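Subject: Structure for you to look at

Hello,

Here is the structure I said I would pass on. Please open it and keep it on screen while you read the rest of this message.

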Amino acid sequence: MDLTHSAADEAFRAEARAWLDAHVPSVPLPSLETEEGFAAHRAWEAELAADRWSVVSWPTEYGGRGADIVRWLVFEEEYYAAGAPGRVGQNGISLLAPTLFDHGTREQRARVLPPMATGEVIWAQAWSEPEAGSDLASLTSRAVRTDGGWLLGGQKTWSSRAAFADRAFGLFRSEPDTPKPHQGLTYLMFDLRAPGVTVRPIGRLDGKPAFAELFLDDVFVPDEDVIGEPGQGWRVAMSTAGNERGLTLRSPGRFLAAADRLVDLWRTHCDPSDTALRDRVADAVIGARAYQLFTYASASRFLDGESIGPESSLNKVFWSEYDIALHETALDLLGPEGELADTDWSEGYVFSLAGPVYAGTNEIQRDIIAERLLGLPKGRR
Amino acid sequence: MRFLLDTEQRAFAASLDAMLTSAHTPSAIRAWAEGDHTPGLALWSRLADAGVFALAIPEAYDGVGPLPVELAVAFVELGRHGVPGPLVETVAAAALLSGLDESGPAKRLLPALASGESVATLALADSYALDADAATVLLAVNGAGLRLAPGHGPVRPSVDRARRLARPEPGGELLATGPQVTRAAAHALRWARLATAAQALGAGLALLDRTVAYVRQRTQFGVPIGSFQAVKHQLADARIALEFARPLLFGAALSMTPADVAAAKVTACEAAYATARTALQLHGAIGYTAEYDLSLWLTKARALRTAWGSPAECRAAVLGGLSGDGPRS
Ligand SMILES: Cc1cc2nc3c(=O)[nH]c(=O)nc-3n(C[C@H](O)[C@H](O)[C@H](O)COP(=O)(O)OP(=O)(O)OC[C@H]3O[C@@H](n4cnc5c(N)ncnc54)[C@H](O)[C@@H]3O)c2cc1C
């Protein structure tokens, strides 16, 4: 058992820290959920990419540094400790890219990954539909065979940042009459500005036009934008969702930095007689550390060649509930100031509220934990 | 960086597990609760033979330690099996004695603790000593003095019937005095908290395992109760809480800083306690009976929660351990 990093990993940390010190904007960028903020964050992605810091875990040929999972964790710790901006390219980087590494063709990787790394092409995830949320496999939007490709039809919704993004990836029903709903789906990429696509922004809880619904009317997708085999879309989409995503969807670095900021806030706003609030601050510190160490343990197993699988559901529930508790504590510490919108803490709070809903609701994650980790019998869905 | 137990450490856990499984531990727990120490002490010497107590004791005093990671591994198993006795206290006594500047008391007392020949308990400040009636060495710290207490007051039952509490009597031989005692007591507290955290995690894991097994076979409404979501989700939450306590425990064993150890203690104990509540609920009425073995872990989870530092004390220690001054108000 060893938590110390090798000299080489520490050198990597120092290099990242020095770069971030010199480059992190001194004034926070506007919210990436707005058009202006989106553009500013896109520029930041380009700046990161120019020195190959945007996708450190990718192979060098696609703009990365070939960092292993531990180095990725180190980078994330430094990134958030430096107060660097949120990542507008996250959906592509953490969901589509791993899928392409596992199931994409060489041609697809060469074409899609470099502009993703630079922020030139920002990706939206088009999985959910109005009638297919937790029961994603019940989706009904279609991909119909045509010359040299497919025609997409139907509706997608809750697509984060699709209002400003360039392209999207998602699942479509290509064989309408299969015995099981997760058969006959095809995973493909499409252009959000292609003819036939209508993007309607939806205001989030705080009114920002972050996500969008997509209406698709005979949108042409060439064959080279199908990922994996047609009809095998479910397997393609799920293989990456369970494994690496469980480790990399939310990095501990982000929560460690937030807990540090919370302790600073507590020191300046502390009422020593309020021990209940003090206990919550302590729990935030402990939770960040627990999540960090849990992730290091998973990373160790990952490096040993084990897959993470259903255990990623433990992560998901933990961080999403932790994130809310942390932000609620901050708002309570702030007192009347906590009510103000558009502060870092209140924006973080509003965002945290969605955590138990997206990326598979926490109820669904608890089912997975109970059935696949504890071995309890399947019940009615 | 490789934050995983190695093969040897896992094998050590597995061997303790096998030994305790075959040893009829529940009947030893019940006997201990009745004041009959014989089967418990027999178990004690087998644990000593397996090297458990030597882990906290330096080689100079016939130990193999200090090895906090291995100690945590062992105490998870002790907690899983609900082993009775002043286990944590013996470890804390060993840490206390080996933390003194003068080596006299350590030379005199530690070899017998390592071999299992003697059983220690201790009271820091004016707390109760656990199982003083079973211990051969009763240590008491008052202010800056460390004494070998001559005896103990009346033995009182704990909420966990296998834990029995008594106050050390005043007087007795003064073993050491001065700031070294204060320092050594703080060191002992860290070891006690680490071992308690591990024991609590083990108790929580046992409660979860037993409850999962129960809800798979108990049927109501024609189906196993484990197929109901309201049941599943409670157990999923218990699993999450325990799985996130584990890395804190081993992280604390690696650093042994007061803040890390306190974080592990509060988290493991809260997780075990929450699991106990779930376990009781999901067992229905049978879970509320003393004759059903689940009770042996249910009450322990409650007792460990306040042993060696309440949740509030541990949380304060976590914040106290951060760099920078305390609150600026
Ligand atoms: C901020 C945000 C960003 C998002 N971004 C994206 C995105 O980029 N791309 C994308 O495709 N989607 C996105 N989503 C959508 C998200 O994935 C879905 O909201 C989620 O899958 C849940 O689906 P639903 O909203 O239809 O809720 P439902 O599935 O209708 O669920 C409603 C409630 O019922 C519960 N429930 C449903 N089924 C069960 C069951 N079997 N057992 C117990 N409880 C159940 C749910 O847990 C939930 O509490 C986003 C959502 C949010 C809030």
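Below are notes on the aromatic rings and then on the ligand.

Please bear in mind that this is a predicted model.

Aromatic rings

Over all chains, a search of the whole structure gives 26 aromatic pairs. A pair of aromatic rings is described by the distance of the centres and the angle of the planes.

Take A:F38 and A:F164 to begin with: their centres are 5.4 Å apart and their planes are at 50°, and the pair is tilted. A:F38 belongs to helix α2 of chain A, while A:F164 sits in the loop between β3 and β4, so this pair ties together parts that are 126 residues apart in sequence. Both A:F38 and A:F164 are buried.

Another pair is A:F169 with A:Y187. The planes of A:F169 and A:Y187 are at 85°, with 6.3 Å between the ring centres, so the pair is edge-to-face. The angle settles the label because planes over 60 degrees apart count as edge-to-face. A:F169 is in strand β4 of chain A and A:Y187 in strand β5, 18 residues apart. A:F169 and A:Y187 are buried too.

There is also a cluster joined by ring pairs, made up of A:F12, A:W19, A:W44, A:W53, A:F75, A:Y79 and A:Y80.

Charges over rings

In chain A, A:R145 lies over the face of A:W150, 4.4 Å from the ring centre. In chain B, the charged end of B:R302 is placed over the ring of B:Y273, at 5.4 Å from its centre.

The ligand

Where does the ligand lie? It is between chains A and B. There are 17 residues around the ligand, and those that come nearest are A:S134, A:W158, A:T361, A:E363 and B:Q229.

For three of these residues there is a polar distance to note. The side chain of A:S134 has an N or O atom 2.7 Å from an oxygen atom of the ligand. For the side chain of A:T361, the distance from an N or O atom to a ligand oxygen atom is 2.7 Å. On chain B, a polar side-chain atom of B:Q229 is 2.7 Å from a nitrogen atom of the ligand. The ligand taken alone exposes 970 Å², of which the protein buries 69%.

Two elements of chain A, β3 and α12, each give two or more residues to the shell around the ligand. The largest share, 3 residues, comes from β3 of chain A. By type, the shell has 7 nonpolar, 8 polar and 2 charged residues.

Regards

Methods:
Residues numbered from 1 in each chain as written. Chains lettered and ligands numbered in written order. Predicted model: local features only at pLDDT ≥ 70, side-chain atom pairs only at ≥ 80, totals over all residues. Heavy atoms only, no water. Phe/Tyr/Trp six-rings, centres within 6.5 Å; stacked < 30°, edge-to-face > 60°. Helix = DSSP H or I, 4+ residues; strand = E, 2+ residues; numbered from the N terminus. Buried < 20%, exposed > 50% of the residue type's maximum accessible area, 1.4 Å probe, protein only. Lys NZ or Arg CZ within 6 Å of the ring centre and 35° of its normal. Near = heavy atom within 4 Å. Polar contact = N/O pair within 3.5 Å; in protein donor to acceptor, adjacent residues only side chain to side chain. Areas by Shrake-Rupley, 256 points an atom, 1.4 Å probe, with all protein chains shown as cover. Nonpolar A, V, L, I, M, F, W, Y, C, P; charged D, E, K, R; others polar.
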